[in-house]
Amino acid sequence: MNTMDMLDNLSVRVVAEDSVMYESPFWGQHGISFYVTASKDGFVRHILIDVGQSHEALLHNMKLMGIDPASIDAIVLTHCHYDHTQGLAEVLRAIGKTDIPVIAHPDLFRLNFIDKPYLRHVGITSADAKSNLEKAGAAFFLTADPLQLMPGLATTGYIQRQTDFEEVGIPLKTIDTQNHLVQDPMNDDISVIGAVKGKGIVILSGCSHAGIVNITKHVIAMSGISEVTSIIGGLHLVEAPMERIAKTVDALDSLVVGSIYAGHCTGFNAQVELRKKFGTRFMPLQTGNYFEYP
C-alpha cells in the first residue's frame, strides 16, 4: 500500500478521561474525549474524538482549557457506547454549526446491551437518537471503510481481527436482523490515525474493543508506516486475564517504538505490566494531558 500523507503538526488534548492530572481543576468522568488539532500545508482542522458521557464535564473542561466548542470542525465516534457518545446532542448545540461531519461505523445506532449483573442498554441513548443529532447540526458519514479527515489524518474503518488472544473485553449482546439474540463483536470499533512528518504514526483509540494489537497491525498496514510513535487511549484490558495482558504487552513492545498513554478502560493490572515493560515510555492517561508532535 502507498505510504500515507504526512501532517506537519498534530496535537492532542485529553478533555475527558476517568482520572485527572495532579492538582488540576478538571472534572473526571468514566469516558474519553480528545480534542485534536492537525495541520498540513497551512490548513488546520480541529477534530473532537468521542464526547465521554457528560457534556457538562466535557464543556467545563474545554472552557478551562481555552477550547471554544465553535472551533470543532468534525466529530469522530469510535464506537456506540454511552461513555463515548452520551450528550452528543448537547455538544453539537454548544458547537452551534450546521452540517458538522460526524464520522462513525454504520452499526453505530444498533441495540447494544449487557445482561449481567442485570439487563442494561449501553449503546447510544434516546436523547442522542440520529434524528436528534441531525436537528442539532450533525451530518453523518457512516462507513466501515477508512475515511480521510485531511491528508495525514484518517479513521481506520473496520479493524480486521488477526490475533488469537484478543477479544471484545465485555460480554456484549445485540439482536440481529432475524430478531435473534447474538454476541456483539463490536464491529463498529474504529480508531483515528495521524501520520506526522519526522515522527511516524499516532494511534488514538477509544476503547480498543477490536484489540489494540489488531488495531496497531491494521494501522501499520493501512498507512505503510511502521514507526508507531504513540498509542493514546483506552485498551479495554480492565477485566482481561493476566495471560492476555502479558501477550498484549509483549506484542506492543515489538510494534511500538515510542510511547503508550493508556487509561479509561485499560485497568490497573495492564497499566502495571505496561510500565514494567515500557518504563517511562508508558504513562497513565489523564484528563488534561497534552501531546504535541513533532
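1. F109 is partly exposed, its relative accessible area being 29%, where buried stands for under 20%, exposed for over 50% and partly exposed for what lies in between (1.4 Å probe, protein chains only). The model is predicted, so that local features need pLDDT of at least 70 and side-chain atom pairs count only at pLDDT 80 or more, whereas totals for chains, interfaces and linings use all residues. Residues are numbered from 1 along each chain as its sequence is written, and side-chain values use heavy atoms, with hydrogens and water left out.

2. The structure holds 2 aromatic pairs, a pair being rings of Phe, Tyr or Trp (its six-membered ring) with centres within 6.5 Å, counted as stacked when the planes are under 30 degrees apart, edge-to-face when over 60, and tilted otherwise. F109 and F140 form an edge-to-face pair, at 5.5 Å centre to centre and with 80° between the planes. This pair links distant parts of the chain, with F109 in the loop between strand 5 (100-104) and strand 6 (113-114) and F140 in strand 8 (residues 138-142), 31 residues apart; helices (H or I, at least four residues) and strands (E, at least two) are DSSP runs numbered from the N terminus. F140 counts as buried at 18% relative accessibility.

3. Y261 and F291 form a tilted pair, with 4.3 Å centre to centre and 40° between the planes. Because Y261 lies in strand 16 and F291 in strand 18 (residues 290-293), the pair ties together parts that are 30 residues apart in sequence. Y261 is buried, with a relative accessible area of 18%, and F291 also counts as buried, at 8%.

4. Helix 6 (residues 242-255) has 14 residues and reaches 20 Å from its first C-alpha to its last, close to the 20 Å expected at 1.5 Å a residue, the expected span being 1.5 Å times one less than the number of residues. Which residues of helix 6 are buried? They are R244, I245, T248, V249, A251, L252 and L255. These residues cover an arc of only 165° around the axis, which puts them on the same side of helix 6; the arc is taken from the directions from the helix axis to the C-beta atoms. E243 and S254, on the other side of helix 6, are exposed.

5. The buried residues of helix 6 pack against helix 5 (212-223), strand 15 (228-234), strand 16 (256-263) and helix 7 (268-278), contact meaning heavy atoms within 4.5 Å.

6. A search of the whole structure finds 13 salt bridges, each a side-chain nitrogen of Lys or Arg within 4 Å of a carboxyl oxygen of Asp or Glu. One of them joins the side chains of E167 and R244 (3.0 Å, N to O). E167 lies in the loop between strand 10 (153-155) and strand 11 (173-175) and R244 in helix 6, so the pair ties together parts that are 77 residues apart in sequence. E167 is partly exposed, at 41%, whereas R244 is buried, at 5%.

7. D250 forms a salt bridge with K277, the closest N and O atoms being 3.2 Å apart. Since D250 lies in helix 6 and K277 in helix 7, this pair ties together parts that are 27 residues apart in sequence. D250 counts as partly exposed at 44% relative accessibility, and K277 is partly exposed at 37%.
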